Amino acid sequence: MSETRNAIQDIWGPRTPYHGAWPVREDERVTETPDHWVQSACVLCSNGCGLDIGVKDGRIVGVRGRVNDRVNHGRLGPKGLHGWEANHSSDRLTKPLIRRNGQLEEASWDEAMRLIVERSQELIRQHTASAIGFYTSGQLFIEEYYTLGVLGKAGLGTPHMDGNTRLCTATAGAALKISFGTDGQPGSYNDLNTTEAVLLVGHNMASQQTVLWTRILDRLAGPNPPQLVVIDPRRTYTAEKATVHLAPRAGTNLAVLNGLINLLIEADQIDHAFIKAHTVGFAELRKTVEKWTPERVEHLTGVPAEKLLAAARILGTSKTLVSTALQGVYQSMQATAAAVQINNIHLIRGLIGTPGNAILQMNGQPTSQNTRECGADGDLPGFRNWDNPDHIEELARLWNVHPDKIPHWAPPTHAMQIWRYCETGSIKLLWIQATNPAVSMPELARIRRILQQKDLLVVVQDAFLTETAKLADVVLPTAIWGEKTGTFTNTDRTVHISYQAINPPGEARADFDIFLDYARRMDFRDKDGQPLIKWSTPEEAFEAWKACSKGRPCDYSGLSYEKLTGGSGIQWPCNEQHPDGTEHLYTDHQFNTHADYCETYGYDLVTGAEKQPEEYKANDPKGNAIILAADYEPPHEEPDAEYPLWFTTGRIVYHFHTRTKTGRARALQEAAPEGFVQLSAEDAARHGIAAGDLVTVESRRGKVTEPARIGDIEPGLVFMPFHYGYWDHDEHDKRAANELTLTEWDPVSKQPHFKYAAVRIRKA
Amino acid sequence: MHLGNYLGLLDNSEKQITKAFAQVSRHHKDEPDIEQMCQKLSAWSREHQGKLVPYLQRYAEQQSTEPARLKHELFSAPRSGSLGLIRDLHDLWLLTQEVQLSWTVIQQAALALRDEDLKATCAFCSARTKRQTDWLLGRIKQAAPQALVVAD
Ligand code: SF4
């Protein structure tokens, strides 16, 4: 065993202070000396740190950061250094399972696939392909998502394709589309190297993307450190480093952001020339925010007026600014409206498209960016607009199918609605891949009930017998990272290749091969009677995806497996014009809002209603960014006499998602073996609770019991991490945070509201 | 002058739509987005009614007789199931058209009377009514294929 640093005890590692170019630091951890290294990148958060997998005798024995990679310059965090151990966990699934007489029993691949195919064909005959739904993941590769997107949209023709990314990244996509016309992060991680200020909203970067946070810590230790504004109701690791920390009450992000924008306008710290030349909608924004005086913001959100002023001063006087947002925004009230206000801060200050300026509407999962790009979620491939007949025509030509084969009669069904259609019985086959809704969805009792519904065939494709797989009718064992080849893209548009390093265990297969097998057995054909899916290797799939992305904002046409091999990851768009990739979008301040190019015709931020194409075309922004305003609205569930406290959820540094992998890496599991209930000293005292006491937290939807952790949180608020479910815990002893959360979602992005609910607590 | 009568008609329609949105919200509460959005849109219509009060008073004397003839039942009771949901949203959509048209009629009168306050109120409320219509249309379009083609 050798490691360059102990990432469990020292999460971010030693400082390498800088301004400008971020020094390298090679992090490595191996249990034995590898006989060779295989290029890859980490898939345990959206940061996508470049790494090499160390292999010895056909087994993974460790990882090392790639020093030449633009994302991490050699660094890796605790999850990256340890998470690979899950590959060799003894409880990997190695054979397909089929439920017979109530029990999951081993079966052959042929039996399992035949069952799925026969059921699919029967359903299509009786009910059309709209009886089939897919719930995919933020963990697969581009080649897999694109194959899935094509087979679902042009093979089956079902509108019901979405996934767990709806829970993590839908608002990021929606906010970018609304402001800039299409999805795509305007800036780069490199902007952190020189920026004067960083605004983090609902984003505990220190725990989520530890290596990205290291980039900031190193700046803070260097000359000209940036000023940090952190908006988070908890005193997180991130908040501890803030120049100004604003801790608003649950569900009030929009009021705080409107208050900040109001102060920027009042102090005239805005770029009038930029607003006039490159945006539409500013007057409405001014009108909407003007009533949000610091006093009014304080009254509603609990953020002291002088702190709001201090934060606005930083945002208003810095010549460069990087802003980030994550689940504290995306999973809370008025998610899209709030995320859009972060874009607006940059637009009114003219801080976009130039070095040091970035908006990072962060992703949660490692490859969620690609579900949005490839059409495996509620979007069309290549950021095309489902409401634009020309875009549908383009896809139809590319796939050689009739345009009406591709569902475009209504917006693609979002995940929450897919579950609802399962519940009401009109979706009869739900195919879940590489994700664990039985722990990650809100209101778990409901999800368990749906998964067990009699007439719903549930197919789960996973590497482990997760809480969800346990309830499935068919379980397909999969190869995971390190056991298959593919590409994926991180939050700042950096594309990495990840090579197969070892063989998958037993009969486990790559998701890619499972999709191809399904497409072949279903005999999906194009207009000329040729097989619809014309590729059989990941590299061929990547080439097909390149063709689909060409000419769109996420243009991969200049990339190839060869080009991605050996060096650093590369940022899209990468094409003839930008052969080495692109650090900044919108450098000429021309945005993707042209009516014939944009990905959406816009939304009503309050109702979520889609704007009509004619309406958009009549006022075609033609390359101007769109400033949309929205006023604050109170949450739908607020504390009352019966449930007097706010409840919110979040993550901890050592785990990812529902711990399917991180819970199987020894050191990570030992560092954080169980969940907890975090509450303020005031609330603890009121209920006679001491640190470590078991606390029962109860909402209108369920109750859970976990030990108490006291402090670093505002009075009136209760926090629980969302990672802990039941695969290594008695399922009768309820502990998953999502037993308590609400089934409701943002009207625009349809992302569920995990970040607030009303609860009561008592000592157990 | 019949403006008072028409204001009465509109007031009645807003009252009905307020109630109808609330009924649909309660009845379809298993559809979380329907429950919440209809609640919100019901509140919007209630607010419109409030905005009408001063004009109902201002133009009350000028009301002609027989206002009852202008009133009619627009929404009876909500229905169940996925098809029922569409029919309810369908009715609500029609109701918003009724309201929208009334606002247009009154706006014309306000222009002729040069009643600036009433004009502003018309502009505000008719824009919001359009947003109600848009949401209903989008939700109907989303639900229709599944309810009509796939559901049993
Ligand atoms: S920051 Fe994210 S991508 Fe990088 S090593 Fe940690 S978990 Fe992996």
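Reply: Happy to! The area buried between chain B and chain A is about 2100 Å², buried area being the accessible area (1.4 Å probe) that two parts lose on being put together, summed over both. Carbon and sulfur atoms give 51% of that area.

Before going further, a word on the ground rules. This is a predicted model, where local features need pLDDT of at least 70 and side-chain atom pairs count only at pLDDT 80 or more, while totals for chains, interfaces and linings use all residues. Residues are numbered from 1 along each chain as its sequence is written, chains are lettered from A and ligands numbered from 1 in the order in which they are written, and side-chain values use heavy atoms, with hydrogens and water left out.

Now to the residues themselves. On the chain B side, 24 residues are in contact with 26 residues of chain A, contact meaning heavy atoms within 4.5 Å. Between the two chains there are 12 residue pairs in polar contact, both residues at pLDDT 80 or more. A polar contact is a pair of N or O atoms within 3.5 Å; within protein, one must be able to donate a hydrogen and the other to accept it, and residues adjacent in sequence count only if both atoms are side-chain atoms.

Four salt bridges also cross this interface, each a side-chain nitrogen of Lys or Arg within 4 Å of a carboxyl oxygen of Asp or Glu. R131(B) forms a salt bridge with D604(A), and their closest N and O atoms are 2.5 Å apart.

Which elements of chain B supply this side? Those giving two or more residues are α2 (32-58) and α4 (116-150) of chain B. The most come from α4(B), with 13 residues. By type, the chain B side divides into 11 nonpolar, three polar and 10 charged residues. In this grouping Ala, Val, Leu, Ile, Met, Phe, Trp, Tyr, Cys and Pro count as nonpolar, Asp, Glu, Lys and Arg as charged, and the others, Gly among them, as polar.

Chain B has four helices and zero strands; helices (H or I, at least four residues) and strands (E, at least two) are DSSP runs, numbered from the N terminus. Its C-alpha atoms fill a box of roughly 55 × 30 × 20 Å, taken along the principal axes.
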